[in-house]
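Here is a brief report on the model shown below.

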Amino acid sequence: MESALRDPGMALAEQLPPLTAHAAAVEADRCLYCYDAPCTHACPTHIDIPRFIKKIATNNLRGSAATIFASNLLGATCARVCPVQELCEGACVLGADHKPIAIGRLQRFAMDYAREHRSYPIVKAESTGKSIAVIGAGPAGLSCAGELARLGHKATIFEKRQMAGGLSTYGIIALREPVEVALEESRMIESLGVEIKTGIEFGKDVSLAELKRQFDAVVLSGGLGSTPSLGIPGEEIIIDGLEFIEASKTDPANLQVGRNVIVIGAGNTAVDCATIARRLGAERVTMVYRRTDREMTCYEHEYDFGRKEGIEFRFLSQPSRVLLNDGLPAGLECLRVELGPPDASGRPSPQPVAGSEFVLPADQIVKAVGQNKPVLAALLGLETRKGFIAVDSVFQTSVAGVYAIGDCIRVSGAASTVMAVEDGKLAAAAIHRQLVSAPAPLEVS
Ligand SMILES: Cc1cc2nc3c(=O)[nH]c(=O)nc-3n(C[C@H](O)[C@H](O)[C@H](O)COP(=O)(O)OP(=O)(O)OC[C@H]3O[C@@H](n4cnc5c(N)ncnc54)[C@H](O)[C@@H]3O)c2cc1C
Ligand code: SF4
């Protein structure tokens with residue numbers, strides 16, 4: 001396959017430019033500073049949005065950052081990746097008749113100020129002498145460890161990859177979040193006194209028994225597993241969507257992109273893979289999905305974005321075989337599908353029509369069909385719910401002193417970074433109460 005690669009640096013550069021100081025001031029001045037603001041309720045981390053926007057309006061950017069950090073230590077990532085249309089901005093009262101306040105971009109403006117000035121106004125409590133092990137340096141683990149540090153505990157993160165940040169570093173396309181933003185946020189968490197040990201895999205290099213001996217509590221935030229198998233002939237030639245995105249972030253110059261690319265799936269990851277392929281020069285990108293646009297798991301705004309990027313959609317089509325030519329992909333054979341009664345997911349079940357095979361030509365095929373359930377549950381013999389780690393109301397698993405947060409517990413609802421961050425914050429407060437029998441002190445900003 002000949003690569004259709006253009007200039008990856010330009011093609012995948014962060015999509016939205018930062019606001020200028022003038023644009024930020026004008027936007028902040030539009031805010032009505034609502035009492036009991038709906039946007040704050042709609043934000044899963046409940047950032048005091050009118051307050052941080054007011055501080056931007058009065059040019060107190062450090063104070064604005066302090067207000068954001070008080071509720072959300074990963075404000076820089078969230079400002080870029082939150083589906084704001086569904087959350088804070090979707091609740092803005094101005095949205096009914098005018099444009100909602102650009103909350104995400106204003107949050108990014110304050111967070112960029114903090115990053116550029118290395119000014120992280122975060123108040124830390126006196127040391128408690130307690131120590132907590134956190135597995136995984138994704139948003140959930142970083143948030144939890146940072147909050148534990150803020151409460152005076154010593155948190156140590158064990159991360160199997162070479163870089164911290166989890167999917168913010170490796171999985172969210174650079175158009176939304178460049179690697180450097182996620183890494184700087186991890187460094188900021190380290191600056192609070194958190195130790196991040198990379199290249200250490202829990203369950204292989206370090207065991208639960210060892211950690212339980214050395215630490216007062218253990219938090220599991222290992223995210224989900226790899227991409228599930230499709231079980232079709234020729235699958236070995238199909239590229240894993242998560243690996244495709246990772247390469248586009250960490251080694252874009254060497255990423256091979258076809259001219260006629262098929263992406264199997266219709267969730268957020270599938271749209272991201274299709275976008276990368278288009279941006280890097282694929283002439284034709286087709287997303288293949290076995291249900292219809294009504295059942296797609298990506299957000300509506302992502303579907304609209306994908307169509308604007310020139311991505312084609314092929315619904316009611318179930319892949320059945322990869323066609324090869326000299327060992328290279330030549331096409332994807334699919335079966336036409338009819339929708340039947342709801343299946344376990346509550347969506348209409350796809351029922352392939354016998355004898356309805358048709359072929360979509362392709363020189364590259366990528367699969368983005370979700371992630372497998374977390375592997376740590378089985379490894380540790382933890383109770384599960386629908387394959388996710390089961391936790392109680394304070395994030396404790398079926399093993400006392402072992403907590404779990406983030407995607408690995410997200411039984412229902414779309415997994416998102418901001419929800420993982422909130423889990424981390426709430427779990428840290430619960431662990432604090434457990435270890436020192438005291439409520440978490442309120443942050444003063
Ligand atoms: C392609 C893609 C795009 C997405 N885009 C968005 C988006 O735009 N907006 C949004 O809000 N959400 C998005 N999400 C979802 C979001 O990224 C996740 O909800 C969030 O990252 C979950 O955080 P987490 O910390 O639970 O898991 P992860 O981010 O997966 O982090 C888990 C970490 O644990 C480490 N780990 C795993 N097992 C072990 C082990 N045994 N030992 C040590 N370390 C281990 C992993 O290496 C990883 O660093 C996207 C997800 C994907 C897959
Ligand atoms: S964290 Fe996300 S949802 Fe909350 S205010 Fe910021 S951008 Fe909106």
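This is a predicted model: local features need pLDDT of at least 70, side-chain atom pairs count only at pLDDT 80 or more; totals for chains, interfaces and linings use all residues.

S4 (residues 217-220) pairs with S1 (residues 131-135) through 4 bridges, and the two run parallel. Val 134 has Val 219 of S4 as its bridge partner. Ile 135 stands opposite Leu 220 in S4. S4 is also joined to S16, by 3 bridges, again in parallel. There, Leu 220 stands opposite Ala 404 of S16.

How do the side chains of S4 point, and are they buried or exposed? Ala 217 and Val 219 point one way, Val 218 and Leu 220 the other way, and all are buried. In general, side chains of a regular strand alternate between the two faces of the sheet.

S7 spans residues 284-288. S7 is joined to S6 by 5 bridges, with the strands parallel. Val 263 has Met 287 of S7 as its bridge partner. S7 is joined to S8 by 3 bridges, and this pair is parallel too. Here Val 288 stands opposite Arg 314 of S8. Is S7 enclosed or open to the outside? Of its 5 residues, 4 are buried, so S7 is largely enclosed by the rest of the structure.

| Strand pair | Bridges | Direction |
|---|---|---|
| S1 and S4 | 4 bridges | parallel |
| S4 and S16 | 3 bridges | parallel |
| S6 and S7 | 5 bridges | parallel |
| S7 and S8 | 3 bridges | parallel |

**Helices H4 and H5**

Helix H4 (residues 49-57) packs on helix H5 (residues 61-71) at an angle of about 170°. Their axes are 8 Å apart. The two helices are therefore roughly antiparallel to each other. From H4, the contact uses Arg 51, Phe 52, Lys 55 and Ile 56. From H5, it uses Leu 61, Gly 63, Ser 64, Thr 67 and Ile 68. The residues of this contact divide into 4 nonpolar, 3 polar and 2 charged.

Ser 64 sits in helix H5. Is Ser 64 buried or exposed? Its relative accessibility is 0%, so Ser 64 counts as buried. Leaving aside neighbours within four places in sequence, Ser 64 is in contact with Phe 52, Lys 55, Ile 56 and Ala 110.

**Ligand 2**

Which residues surround ligand 2? The shell consists of Cys 43, Ile 47, Ile 49, Asn 72, Cys 78, Cys 82, Val 84, Leu 87, Cys 88, Ile 103, Gln 107 and Val 418. By class, it has 10 nonpolar and 2 polar residues, with no charged residues.

**Two positive phi angles**

Asp 36 is not a glycine, yet has a positive phi of about 50°. Asp 36 is found in the loop between helix H2 (21-30) and helix H3 (38-42). With 53% relative accessibility, Asp 36 counts as exposed.

Leu 316 also has a positive phi of about 50° without being a glycine. Its loop lies between strand S8 (312-314) and strand S9 (317-325). Leu 316 is partly exposed, at a relative accessible area of 28%.

Key:
Residues are numbered from 1 along each chain as its sequence is written. Chains are lettered from A and ligands numbered from 1 in the order in which they are written. Side-chain values use heavy atoms; hydrogens and water are left out. A residue is near a molecule or strand if one of its heavy atoms lies within 4 Å of it. Ala, Val, Leu, Ile, Met, Phe, Trp, Tyr, Cys and Pro count as nonpolar, Asp, Glu, Lys and Arg as charged, and the others, Gly among them, as polar. Buried means under 20% relative accessible area, exposed over 50%, partly exposed in between (1.4 Å probe, protein chains only). Two strands pair if DSSP finds at least two bridges between them. Axes are lines fitted to C-alpha atoms, for helices over the stretch in contact, and angles run from 0 to 180 degrees between N-to-C directions. Angles under 35 degrees count as roughly parallel, over 145 as roughly antiparallel, 65 to 115 as roughly perpendicular and the rest as oblique. Contact means heavy atoms within 4.5 Å.
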